[in-house]
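This report is meant for someone meeting the structure for the first time.

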Amino acid sequence: MSSRTTTTKSRSTVGELATPGRIVVIVLAILALIFIFENTQDTKIRLLIPEVTMPLWLALLAMWIVGALCGAYFLRRRGRR
C-alpha cells in the first residue's frame, strides 16, 4: 500500500515580495543615492593624519557602502543564532 503525496510549490506573488519594510528600504536607498550624486563639489577629508581632496559624492558613496556592509554583516550574524 503506497500513498502518493502531491507537493505544490507556492508561488510568491507581488504582494509577498513588496512588503512595506522592503518598500521603505528601497525608497530610502534611492533617496540616499540622489543625495549622494547631487553633492558633487570637492571637499577636504581628513582620516587620522592625511588630508585628501575628493568629490563629496565619492566620500558619501564610500560611507554608504561601508554602512551597508556593516549592516549586512550584523544581520547575517544575528540570523545564525
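## Asn 39 and its surroundings

When neighbours within four places in sequence are left aside, Asn 39 is in contact with Leu 56, Trp 57 and Leu 60. This is a reading of a predicted model, and the values that follow are computed from that model. Asn 39 is placed in the loop that runs between helix H2 (20-38) and strand S1 (42-46).

Is Asn 39 buried or exposed? With a relative accessible area of 17%, Asn 39 counts as buried, because the cut-off for that class is under 20%. The side chain of Asn 39 also has a polar atom that lies 2.6 Å from the backbone oxygen of Phe 35.

Phe 37 belongs to helix H2, and its relative accessible area of 45% makes it partly exposed. If residues up to four places away in sequence are not counted, Phe 37 touches Trp 57 and Leu 61. Trp 57 is therefore listed among the contacts of Asn 39 as well as among those of Phe 37, because contact here means heavy atoms within 4.5 Å.

Phe 37 and Leu 60 are 23 residues apart along the chain, and their C-alpha atoms are separated by 8.8 Å. For Leu 58 and Phe 37, which are 21 residues apart along the chain, the corresponding separation is 8.4 Å. Leu 58 itself lies in helix H3 and is partly exposed, with a relative accessible area of 35%.

## Glu 51 in strand S2

Glu 51 has its place in strand S2, where a relative accessible area of 46% puts it in the partly exposed class. Which residues does Glu 51 contact once its neighbours within four places in sequence are left aside? They are Lys 44, Ile 45 and Arg 46.

## The chain as a whole

The chain contains three helices and two strands, and, when it is read along the sequence, these follow the pattern α-α-β-β-α. Of its 81 residues, 5% count as buried, and Asn 39 is one of the buried residues.

The accessible surface of the chain comes to about 7,800 Å², and 65% of that surface belongs to carbon and sulfur atoms. Among the contacts between residues at least 6 apart in sequence, 26% join residues that are at least 24 apart.

## The largest pocket

Rolling a probe the size of a water molecule over the atoms shows where empty space is left. In this model, the largest pocket holds about 170 Å³ of space. The residues that line the largest pocket are Ile 45, Leu 47, Pro 50, Val 52, Met 54, Ala 59, Ala 62 and Met 63. Ile 45, one of these lining residues, is also among the contacts of Glu 51.

Which parts of the chain supply this lining? Strand S2 (51-55) and helix H3 (56-80) each provide at least two of the lining residues, and H3 gives the most, with three residues. Sorted by class, the lining of the largest pocket has eight nonpolar residues, with no polar and no charged residues.

Conventions
Residues are numbered from 1 along each chain as its sequence is written. This is a predicted model: local features need pLDDT of at least 70, side-chain atom pairs count only at pLDDT 80 or more; totals for chains, interfaces and linings use all residues. Side-chain values use heavy atoms; hydrogens and water are left out. On a 1 Å grid over the protein atoms alone, a cavity is a set of points where a 1.4 Å probe fits but cannot get out, and a pocket is an open set with protein on both sides within 12 Å along at least five of seven lines; lining residues have an atom within 4 Å of a point. Grid points are joined across faces, edges and corners, and a volume is the space filled by probe spheres set on the points. Helices (H or I, at least four residues) and strands (E, at least two) are DSSP runs, numbered from the N terminus. Ala, Val, Leu, Ile, Met, Phe, Trp, Tyr, Cys and Pro count as nonpolar, Asp, Glu, Lys and Arg as charged, and the others, Gly among them, as polar. Buried means under 20% relative accessible area, exposed over 50%, partly exposed in between (1.4 Å probe, protein chains only). Accessible areas come from the Shrake-Rupley method with a 1.4 Å probe; for residues, only the protein chains shown count as cover. A polar contact is a pair of N or O atoms within 3.5 Å; within protein, one must be able to donate a hydrogen and the other to accept it, and residues adjacent in sequence count only if both atoms are side-chain atoms.
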